[in-house]
Amino acid sequence: MLGGAVAVLITGQISPSEAAASINPDVMIFLFGMFVAGEAIHRSESLILISEKLFRRQMSMNVLIIMLIALTGLFSAILMNDTIAIIGTSFVLYLSRKYNIEPSMLLLTLAFSVTTGSVMSPVGNPQNLLIAVEGSLENPFLTFAEYLAVPSLISLILIFAVIRLLYPEEFMKCIIPIKSERPKLPGKNPLIRLTKISITLILAVILLKIGLVLFNTGITVPLTAVAVAAALPILIFSHERFRILRNIDWETLIFFAALFILMQSVWNTGIIQSSAECLPYSFTEPDIIFLLGLTVSQIISNVPFVALALPFFSGETATDAGLMALAAGSTLAGNLLIFGAASNIIIIQNAEKKGISLRFTDFAKAGIPLTLLQTIVYYIFFAVL
């Protein structure tokens with residue numbers, strides 16, 4: 001992406017001033033804040049502490065997978081899927097080593113859960129954030145919940161069904177606590193208290209934003225306030241602030257800055273507009289944009305697709321149903337094949353650093369049937385609405 005942005009700048013396809021203006025500051029601030037919070041959660045080892053409390057008693061694999069889907073899916077709706085992908089990979093590999101569980105099963109569960117759970121929130125993933133910021137939604141949290149919460153929760157249940165079908169031998173195992181491998185006093189890490197404060201502030205700002213709109217106060221809280229609230233306690237009070245800043249996902253921030261520049265250059269050529277005019281159907285119809293998001297995102301990934309599609313949603317074409325279909329289709333693309341979402345690549349790259357590989361074919365074997373089932377669920381729900 002950076003190579004493409006540099007190329008269009010060097011060749012004069014876009015001016016430096018236009019390139020700078022094309023970078024969305026709301027998205028960049030939001031990503032930065034969430035990455036700070038995510039790195040703090042990762043360094044605090046709070047997830048390991050939670051696992052020690054949850055797994056004090058023997059449990060079945062069914063319960064473990066259901067808990068993993070619920071926790072990672074719902075947290076991705078609050079902390080963004082890329083953040084949960086980063087901190088979740090180390091967590092599931094820790095569970096795999098400790099309880100002798102097939103790592104590919106846990107990695108697939110994580111990948112599908114963070115993608116599916118992020119669908120129902122405007123801060124669940126970068127493409128949803130783009131839609132919420134540029135789609136002029138009056139109350140994005142309630143709009144996303146109204147259209148996408150129910151089908152997303154049903155789709156999380158489908159993840160359990162598909163994983164159980166593909167790994168029947170693993171579900172015959174029991175999780176037995178191993179006290180000797182308890183980590184070294186993670187509860188004394190001062191970052192744990194700060195991350196609790198960050199998560200509390202995120203929820204408080206979200207509720208404040210929803211309430212201000214519901215009561216017609218005329219006061220608006222920008223979505224970036226959610227991420228700023230998450231990052232401030234860590235940046236102000238943590239003694240590890242510089243180490244956290246050094247280790248956040250700067251590569252992804254560079255990716256998004258370059259993405260905005262390159263997509264603006266592509267839009268300036270008029271190729272996308274002329275291609276849309278040649279289509280025999282309306283580009284912004286919910287069923288059409290859903291399928292386009294699902295398929296085209298496999299080629300250019302979901303965030304670039306949304307960046308190119310959003311300018312079509314203006315005026316009368318900017319319906320809530322169309323925007324929500326764009327969010328659902330482009331996000332679910334991450335469940336179909338590995339390259340459909342950046343969160344998949346994050347999980348795979350972090351796993352490979354620890355010597356664990358997840359093959360393209362293994363992902364597709366689970367992802368294709370899962371995405372087909374989830375597509376049916378969303379289609380039925382959009383039809384009912």
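**Aromatic pairs and helices: reasons for the labels**

Visitor: Why is Phe-32 called partly exposed?

Guide: The model is predicted. In it, Phe-32 has a relative accessible area of 25%. Buried requires under 20% and exposed requires over 50%, so a value of 25% makes Phe-32 partly exposed.

Visitor: What makes Trp-250 count as partly exposed?

Guide: The relative accessibility of Trp-250 is 37%. Because this value also lies between 20% and 50%, Trp-250 counts as partly exposed.

Visitor: How many aromatic pairs does the rule give?

Guide: The count is nine aromatic pairs. Phe-32 and Trp-250 form a pair because their ring centres are 6.1 Å apart, and the limit is 6.5 Å.

Visitor: Why is the pair of Phe-32 and Trp-250 called tilted?

Guide: Their planes stand at 45 degrees. Stacked needs under 30 degrees and edge-to-face over 60, so the pair of Phe-32 and Trp-250 is tilted.

Visitor: Why is the pair of Phe-290 and Tyr-379 called edge-to-face?

Guide: The ring centres of Phe-290 and Tyr-379 are 5.4 Å apart, and their planes stand at 85 degrees. An angle over 60 degrees is required, so this pair is edge-to-face. Phe-290 lies in helix H15 (residues 286-300) and Tyr-379 in helix H19 (residues 360-384), 89 residues apart. Together with Tyr-378, Phe-290 and Tyr-379 form one aromatic cluster.

Visitor: How do you know whether Phe-290 is buried or exposed?

Guide: Its relative accessibility is 2%. The cut-off for buried is under 20%, so Phe-290 counts as buried.

Visitor: What makes helix H3 mostly covered?

Guide: Of the 20 residues of H3, 14 are buried. From its first C-alpha to its last, H3 reaches 29 Å, close to the expected 28 Å. At the start of H3, a side-chain oxygen of Asn-24 comes to within 2.9 Å of the backbone nitrogen of Asp-26. After H3 comes Glu-45, with a positive phi near 60 degrees.

Visitor: Why is helix H8 described as largely enclosed by the rest of the structure?

Guide: Seven of the nine residues of H8 (residues 126-134) are buried, so H8 is largely enclosed. The buried residues include Pro-126, Leu-129 and Ile-131. Ser-136 follows H8 and has a positive phi, near 55 degrees.

Conventions. Residues are numbered from 1 along each chain as its sequence is written. This is a predicted model: local features need pLDDT of at least 70, side-chain atom pairs count only at pLDDT 80 or more; totals for chains, interfaces and linings use all residues. Side-chain values use heavy atoms; hydrogens and water are left out. Rings of Phe, Tyr and Trp (its six-membered ring) pair if their centres lie within 6.5 Å; planes under 30 degrees apart count as stacked, over 60 as edge-to-face and the rest as tilted. Buried means under 20% relative accessible area, exposed over 50%, partly exposed in between (1.4 Å probe, protein chains only). Helices (H or I, at least four residues) and strands (E, at least two) are DSSP runs, numbered from the N terminus. The expected span of a helix is 1.5 Å times one less than its number of residues. A polar contact is a pair of N or O atoms within 3.5 Å; within protein, one must be able to donate a hydrogen and the other to accept it, and residues adjacent in sequence count only if both atoms are side-chain atoms.
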